[in-house]
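Biologist: Could we go through this model together? I would like to understand how the chain is put together.

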Amino acid sequence: FNNGGGFNRGAGGGGGGGGGGSRRVYVGNLPWGVAWQDLKDHMRQCGEVVHADILTGPDGRSKGCGIVEFSSEDEAAQAIAQLSDSMLQGRAIF
């Protein structure tokens, strides 16, 4: 899990905070079959999930990672602390 600077979703980029905390959390090592709803359901145990997205390549297939946006920086920090190395569909996510 990581809540560092922004992320790039292709041309035009995507959000990206400046310094300090962030409400967005990067989630890696996702199983290929995980949908955004699965990710959102897993992450909501730490707070209100505003948005969840699985990053995909040009062919539409999952890259095995995603971005989750919480309603507050505290919830994002809690997710990093509590859900790092948690299991989602048989894989330890980070």
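Biologist: Which residue takes a positive phi in the hairpin of E2 and E3?
Modeller: Gly 60 does, with a phi near 85°, and the hairpin has five residues between the strands. Strands here (E, at least two residues) and helices (H or I, at least four) are DSSP runs numbered from the N terminus. Please note that this is a predicted model: local features need pLDDT of at least 70, side-chain atom pairs count only at pLDDT 80 or more, and totals for chains, interfaces and linings use all residues. Residues are numbered from 1 along each chain as its sequence is written, and side-chain values use heavy atoms, with hydrogens and water left out.

Biologist: How many bridges join E2 to E3?
Modeller: Six bridges join them, and the two strands run antiparallel; strands pair if DSSP finds at least two bridges between them. Thr 56 has Ser 62 in E3 as its bridge partner.

Biologist: And how many join E1 to E3?
Modeller: Five, again in an antiparallel arrangement. Val 25 stands opposite Val 68 in E3.

Biologist: How many residues of E3 are buried?
Modeller: Eight of its nine residues are buried. Buried means under 20% relative accessible area, exposed means over 50%, and partly exposed lies in between (1.4 Å probe, protein chains only).

Biologist: What about the largest nonpolar core? How many residues has it?
Modeller: It has 18 residues, and Phe 1, Leu 30 and Met 43 are among those with the most contacts inside it. Strands E1 (24–28), E2 (49–56) and E3 (62–70), with helices H1 (36–43) and H2 (73–83), each supply at least two of the core residues. Such a core is a set of buried Ala, Val, Leu, Ile, Met, Phe, Trp, Tyr and Cys residues joined through side-chain atoms within 4.5 Å.

Biologist: What does Met 43 touch?
Modeller: Setting aside residues up to four places away in sequence, its contacts include Phe 1, Val 68 and Leu 83. Contact means heavy atoms within 4.5 Å.

Biologist: Now Trp 32: is it buried or exposed?
Modeller: Trp 32 counts as exposed because its relative accessibility is 60%. This residue lies in the loop between E1 and H1.

Biologist: Which residues is Trp 32 in contact with, leaving aside neighbours within four places?
Modeller: They are Ser 62, Lys 63, Gly 64 and Arg 91. The C-alpha atoms of Trp 32 and Gly 64 are separated by 5.7 Å, although these residues are 32 apart along the chain.

Biologist: Last topic: how many disulfides are there?
Modeller: A search of the whole structure finds zero, a disulfide being a pair of cysteine sulfur atoms within 2.5 Å. Cys 46 is buried at 4% relative accessible area, and Cys 65 is buried at 8%.
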